[in-house]
Amino acid sequence: MATKASKAAARLMISPAVLLLLGWMIAPLALTLYFSFLRYNLIMPGDNLFVGWENYYWFLTDPSFKAAMINTLVLVGGVLCVTVLGGIGFALLLEKPMFGQGIIRIMVIAPFFVMPTVSALIWKNMFMNPVNGIFGQIASGLGFAPIDFFGQFPLLSIIFIVSWQWLPFATLILLTALQSLDQEQLEAAEMDGASWLNRFRFIMLPHLARAITVVILIQTIFLLSTFAEILVTTNGGPGTATTNLTYLVYVSSLLQFDVGMGSAGGVIAIILANIVAIFLMRMIGKNLDA
Amino acid sequence: MGRIQLKQVKKSFGECTVIPPLDLAIEDGEFTVFVGPSGCGKSTLLRLIAGLEDTTSGMIEIDGTNATLLPPAKRGLAMVFQSYALYPHMSVRKNIAFPMKMAGVNEAEQTKRIYAAAKALNLTDYLDRKPGQLSGGQRQRVAIGRAIVREPTAFLFDEPLSNLDAALRVGMRLEISELHKRLKTTMIYVTHDQVEAMTMADKIVVLQAGGIEQVGSPLELYKTPRNRFVAGFIGSPKMNFIEGAEAAQHNAFAIGIRPEHIDVSITHGQWQATVGVAEHLGSDTFLHVHGVPGCDPMTVRGGGDIAVNHGDTVWLTPDPQHIHKFDAEGLRIK
């Protein structure tokens, strides 16, 4: 696969797939862009007038937009903190040989296989419900007032649920990274007089840097579009306390039937996601080069 | 100072005893080589001394103090690993500085020692490179540099040259020997290569199945091996063993004769044999011959000019002064 002819042939061969993927991406994007410039409301059928930037103007000046932006960032940031720190912790624990290692590892990884809607429902009804939930029962049993998680700490509760889902992913990636660390390096550091903390800081953490980068990049992409957990538990409320950008787009287009506005929100979300991606790549992409 | 004494040191992993109780004394400034076939426990023994493995029972004394329960860092030893175990994300400078940083040596002293070590090991131009950008030999030198700057009481080498190619290995062997002459620090060196052992050691410890077969200077082991295992392991090519009638003439169960102590002639001699493979090295010729009773094939060293090839008949005469006699248990008969 090195001659000029074979390279040209290779390009020709993969071009259908590339074109298909490109079309797959371009068509919805073009339609969304097109809709975002129309006054297109499903409740008011009729001429869909071209209104220019009006949809963008109203979406951006909507008071819930600012709240949604902040919520999105807090949600992504919070989940990343919990999963990366927790993932490192779990990886360190699971790396040690112990009794029942295989089963414990499977159990740690299990939450990743539960559908977001299902896990959110389980947490909502079986754990966090102030009357029927286990946490409420325990609190009542001990004589405390049960906490209404989604009423009092809505965003924190959602961060918790999403973190619970993503912790296994972080753990898995970091665990495999940790296992690929050459044991002789750790032994050399031990001979060099490094305490456990220093070995962690100077040997393990730098070794994990690349895996942590991967975890942050992949999770950010998925966490920016968190939706099911919010829909199932709080419906974006109370007020706009748990409305993130994705949910706001849903509200505009499918609850208020304003397709134009929803499309404008979608375009803004795309732009924001790209800004975040550029930042992330700049900030930690360096780790991926070496 | 660097006197290391092992007293009844034993190591088992679960049911499996890797090193049965063993005594050994390593004197200050000595270059000691642990040599043995792979899996004989020599690396385990080194790791016990380093403190990377716990002893099952027994005592390790370093400079007269009991170090059995001390953590590796407190034993004052430095180790060079087979894989070099350099820290890949740190530059050479930082790698070498790491043990000093951990020990809290001040910056000025650190810089001084780094440059001293780099100069001694020809690493001055590479201080800012990462280990990944260095060749095998250079990495090896960085690993040694990292060991030197700690100014340890003893150096431990775990098969440090086995990842290098043959030419580099000879060069590094000399460098390590010179380093020992200069520093006069105790060194313990593990290898499976008896050539390394013979060329570098003040004292060789031959190990088999975790037990010590013999301890002595290279020439002692060569001239008076205590048993057949040591006789066969030390020396290259291996000693020939002859059993049966020929050995009985010498009142022994088996006799051993090294390839270099057999005279080769194409006209007359004690044993008649047929040449199988002849390896012409220029300086020497190694002949693998068939037909000597009780030893087949026998390896013989002839001069470089000996003109024999496959299928030729040769006559062999052993040098009677260099015949080693062994009894049925494989022990040397004096």
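Q: Which residues does Ile204(B) touch, not counting residues up to four places away in sequence?
A: This is a predicted model, where local features need pLDDT of at least 70, side-chain atom pairs count only at pLDDT 80 or more, and totals for chains, interfaces and linings use all residues. Residues are numbered from 1 along each chain as its sequence is written, while chains are lettered from A and ligands numbered from 1 in the order in which they are written. With that exclusion, Ile204(B) touches Val33(B), Val35(B), Ala197(B), Gly216(B), Pro218(B) and Leu221(B); contact requires C-beta atoms, placed from the backbone, within 7 Å.

Q: And is Ile204(B) buried or exposed?
A: Ile204(B) counts as buried because it has 29 C-beta neighbours inside 10 Å (20 or more other C-beta atoms within 10 Å means buried, 12 or fewer exposed, in between partly exposed, with C-beta atoms placed from the backbone).

Q: How far apart in space are Ile204(B) and Gly216(B)?
A: Their C-alpha atoms are 5.5 Å apart, although twelve residues separate the two in sequence.

Q: Turning to the largest nonpolar core, how many residues has it?
A: That core has 134 residues, and Leu174(A), Met79(B) and Leu156(B) have the most contacts inside it. A nonpolar core is a set of buried Ala, Val, Leu, Ile, Met, Phe, Trp, Tyr and Cys residues joined through C-beta atoms within 7 Å.

Q: What does Met79(B) touch?
A: Beyond four places in sequence, Met79(B) touches Ala188(A) and Met191(A) in chain A, and Ala50(B), Ala147(B), Leu156(B) and Asp158(B) in chain B.

Q: How many residues does each chain bring to the contact?
A: Chain B brings 15 residues and chain A brings 13 residues.

Notes: Contact = placed C-beta atoms within 7 Å.
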